[in-house]
Amino acid sequence: MGRGLRLGSRFRLVLRTGIGFAVLGFGSSVVGAAVVALLLLLQGTPSDIGDRSWVMTVSAAGYVAASLLAGTVWTAWLQRRTAVWFVLGRPPTPDEARRALRIPGDMARVSGTLWLGGTVLLATLAGVLGSSADAVAVALTIGLGGLTTAGITYLAAEWVARPVMMLALAVDRPKQKLPTTVLTRLVLTWSLASGVPLLGVFLVATPPNLSHADPTSSLILLSVAGLVLGAFTTALLAKAVAAPLHRLRVALDDIARGRTDVQVDVDDSSEIGTLQTSVNDLAAGLREQDRMRDLFGRHVGTEVARHALEFGASLSGDVREVTALFVDVVDSTALAARTPPQELVDKLNRFFSSVVDAVNARGGLVNKFQGDAALCVFGAPTKLADPATSALGAARAIRDAVLADGELDLGIGVASGPVFAGQLGTSSRFEYTVIGDPINEAARLTEYAKHTPGRILASDTTLASAAAGERARWTEDETVQLRGRESATITWAVSPE
């Protein structure tokens, strides 16, 4: 069903674009020829050919018919490669894309060449059958009509060809010389809306008079043509310049509000197309930054990532009063021996998920995962008003979540004191870490906690720093001599419920 809709949409797009080119090529030539013929008739030009005027009329009609046929064949030949890939719906090759970007210029050249041929032919006939003044008048009138028709063809072809150009620009983005520029469009619009009609008025109203008829009707016709051309070409300019700029402004507003999933259709081969590409590159760059920031935060922790982005990454740090929480799985060696690797990883991921949720909820940092263990810090890099209370609450939450899951057993040690918190390593490779006696003390307490009914042991220093409500949940356990420490440690365990 979806494929059928896409094919139907493609068929309608191809049909609409094909009809647009046909109407443009045929309509602009016929209308231009009709306006020129009417202007010549009103001016009575050529005026000196007498009863041989039928020769001019037949010649003009024959040339228009031949031009329509030749223009159709010529345009079809120029667009033969473009039509194939556009109809089939496949991406164009770079060469096909470059040919597609030349469509407006090609159509304008075809129109201009055919009008130039008509100018030479009919001006020559007017000179042979009439006088040199007739030849000049015919040449100027048809020449101005040809310039107008070619200009309109160029501007209208840019609008009609946008579906084709959008696909071509996705393959071949002009990097050096642009096929067209905004200045070109502005100059061309001014020429069609003001320059050509005013030049026609100038030629009709000023000496030497190229005809003997009253110029009033011709001046009115030129004025009407100028108004119509002005409205039409301004509308084309608005579609070619103002509409894309409006879409760009909307896209930039979305980016300014934090959206990075912005994609602007690149359907213009001028500086506007370059801007469209730049906006897409900007959005893509911001998406990549967000992805890297998210990936960075997942590896080192959100708070560490934010700290690095705000203050820069360097081998520096400071001494902080923190509470360290160390959590480790009981009998992990035996567990690894009897559990398939993937199943073990799944269990550990669920275990670490409980750790991360509990620590993040209380403003702490999961500093690192160490196999089946995790070191968590409260008070660095983000300062906390009461790191001890937060750490003790997190320890209880981790214990309850893991034991309720029933997959793993664990031990948790909690200790407080001053540590160095900052970047450690070399200028090319470093990581945020905490170093100090409380870290070692928490790790040693974890080994004792594995054999404690409540599975958590906290140092006396930690309980002394905690809030009264949290202390009420704990009971002094025993005094132990931790390996590597000179003084004994008074431990506290969670009170039985």
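The numbered points below take up helix pairs, then individual helices, then loops.

1. On the basis of the note: this is a predicted model, in which local features need pLDDT of at least 70 and side-chain atom pairs count only at pLDDT 80 or more, while totals for chains, interfaces and linings use all residues. Residues are numbered from 1 along each chain as its sequence is written, and side-chain values use heavy atoms, with hydrogens and water left out.

2. Helix α2 (residues 53-78) packs against helix α5 (residues 103-129) at an angle of about 160 degrees, the axes being 10 Å apart; helices here are DSSP runs of H or I with at least four residues, strands are runs of E with at least two, and both are numbered from the N terminus. Axes are lines fitted to C-alpha atoms, for helices over the stretch in contact, and angles run from 0 to 180 degrees between N-to-C directions. The pair α2 and α5 is therefore roughly antiparallel (angles under 35 degrees count as roughly parallel, over 145 as roughly antiparallel, 65 to 115 as roughly perpendicular and the rest as oblique). The crossing of α2 and α5 is right-handed, where right-handed means that the near helix is turned clockwise from the far one by less than a right angle, and left-handed that it is turned anticlockwise.

3. The contact between these two helices (heavy atoms within 4.5 Å) includes Y63, G71 and W74 of α2 and G117, G118 and L121 of α5. By class, the residues of the contact of α2 with α5 divide into 15 nonpolar, seven polar and one charged, where Ala, Val, Leu, Ile, Met, Phe, Trp, Tyr, Cys and Pro count as nonpolar, Asp, Glu, Lys and Arg as charged, and the others, Gly among them, as polar.

4. For helix α6 (residues 132-160) and helix α8 (residues 182-205), the axes come within 10 Å and cross at roughly 160 degrees, and α6 and α8 are therefore roughly antiparallel to each other. Their crossing is left-handed. Among the residues that meet are L140, Y154 and E158 in α6 and R185, V196 and L203 in α8, and the contact of α6 with α8 has eleven nonpolar, four polar and two charged residues.

5. Helix α4 (residues 94-101) and helix α7 (residues 162-171) have axes that come within 9 Å and cross at roughly 140 degrees, which makes α4 oblique to α7. This crossing, too, is left-handed. P94, A97, A100 and L101 in α4 meet V164, M165, A168, L169 and V171 in α7, a contact with nine nonpolar, no polar and no charged residues.

6. The 41 residues of helix α9 (residues 216-256) should span 60 Å at 1.5 Å a residue, and the end C-alpha atoms are 57 Å apart, which agrees; the expected span is 1.5 Å times one less than the number of residues. G258, which follows α9, has a positive phi near 105 degrees.

7. Two loops deserve a look. A cis peptide bond joins A380 and P381, with omega about -5 degrees, and P381 lies in the loop between β3 (373-378) and α14 (387-405). D331, a residue other than glycine, has a positive phi near 55 degrees and lies in the loop between β1 (317-329) and α12 (332-338).
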